[in-house]
Amino acid sequence: MKDSISEAIEKLLQQFPYEALSKAEQELVLRELTVEEYQAYHTVALQTSALALSSNSIAPPSPDAIKKVLGDKIKKQTSALQKINAVRLPLWLATVLGLVGYGLVQFFQGNNYSAEPAITPEIVQVKLIDTIHIHTVDTIYQKIYSEPQVITKEVIKIKEVFIERATPVPPMAEKKPENIPADQVAYYSDAETPELLAQKPGRSVGADAELMELLDNE
Amino acid sequence: MHLLTQGSEVAFDELYQRYAHKMHSYFHKLLYQDNELAADFCQNLFLKVFEKANSYNNSYKFSTWLYTIASNMVKNEYRRQQNPTPTLFIQQSQTTHIDPQGPKNIDQEIFQKKLQTALNKLEDKHRLCFILRYQEEKTIKEISEILACPIGTIKSRIHYTLKKIAEDLKLLNPYTNRNERFNQ
């Protein structure tokens, strides 16, 4: 069982008996309470409120006793008339003062006495300095048109392909002598020196027949 | 309240006129219908209000502040009495109870007397909650502020008290009787 009932139901049971509730309200009530519980609680709540009437009819104590305790802490605020009364002038003195005042007024009025002093015109030049503060706020709207910028990026790829020669070049053929006449250049070309290329260095003298023959003749 | 902090008598009179009756009856209900005790408490309350006017926080309702002071005074009184004899208060309630409108019928008169007895028998914390809700007609939120308790606790106490009193008065509850009659 729940520890407490919802505020909505609690408000309903404070005011209405179960029969006076609408269908929706009855359904709401039945989620948390039985009909008997609701009606019992309603009776208790209603009778408790009625019971308060007996206490409500009793008059509170007079505030005078409290004011007496407070004493000087509480200030008595009085009206202007009460303040005048509080001065408490003797009646005869007030009467005499009143008569004297009345007599003076009558005296000045009777003699046509002008209490207004002579007016001497005086020109006073006043230097006025005006200070004007102007505060303006301008808002400028500027329209800016721009053409779309087209950037074309072209990439050229260069691929180097190295192709090796079919036959190796002899070192001599590459190294051309400096003082060779132009007509003898062809002699050193690769195509015309196959025999030289065929000769291997370190060849024995005995292997060359012509050379041996020459040596023998000598 | 500003004038009261300056010690204005006019302000004091105005507050007294507005709240004295209500607070006196509140004490009367909580202090077992003892009229003299309620009058003393009411006087002390307004003395405290005058003296503590500076401590009043404008963000709260004045009546809530007033009820908070009053409830604390009652709690202190309960503590002072420690274990009040319920029978004494029951007798007091029975003798001092006067219905200003006169008894409507005998059944109701008896029912109300029993209800008063049941209320007086309650634990202090439950009685305070219950009276604030159903006799002073304060909202749950206001009660939680006055008693400095969470809303859930107040709801729980009210439900508990309703149930307890309904059970105590089961035989006198006209609706229960009617149901029993129907069942028979």
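Modeller: Let's start with exposure: a residue is buried under 20% relative accessible area, exposed over 50% and partly exposed in between, using a 1.4 Å probe and protein chains only. This is a predicted model, where local features need pLDDT of at least 70, side-chain atom pairs count only at pLDDT 80 or more, totals for chains, interfaces and linings use all residues, and side-chain values use heavy atoms, without hydrogens and water. Residues are numbered from 1 along each chain as its sequence is written, while chains are lettered from A and ligands numbered from 1 in the order in which they are written.

Colleague: Where do B:Arg18 and B:Glu14 lie?

Modeller: Helices are DSSP runs (H or I, at least four residues), numbered from the N terminus. Both residues sit in helix H2 (residues 9–30) of chain B, four residues apart, about one turn of the helix. B:Arg18 is exposed at 54%, and B:Glu14 is partly exposed at 36%.

Colleague: Which parts of chain B does the pair B:Glu136 and B:Lys29 tie together?

Modeller: These side chains meet at 2.4 Å, N to O. B:Glu136 lies in the loop between helix H7 (124–134) and helix H8 (140–146), and B:Lys29 in helix H2, so the pair links parts 107 residues apart in sequence. B:Glu136 is buried at 11%, as is B:Lys29 at 3%.

Key: Helices (H or I, at least four residues) and strands (E, at least two) are DSSP runs, numbered from the N terminus. A salt bridge is a side-chain nitrogen of Lys or Arg within 4 Å of a carboxyl oxygen of Asp or Glu.
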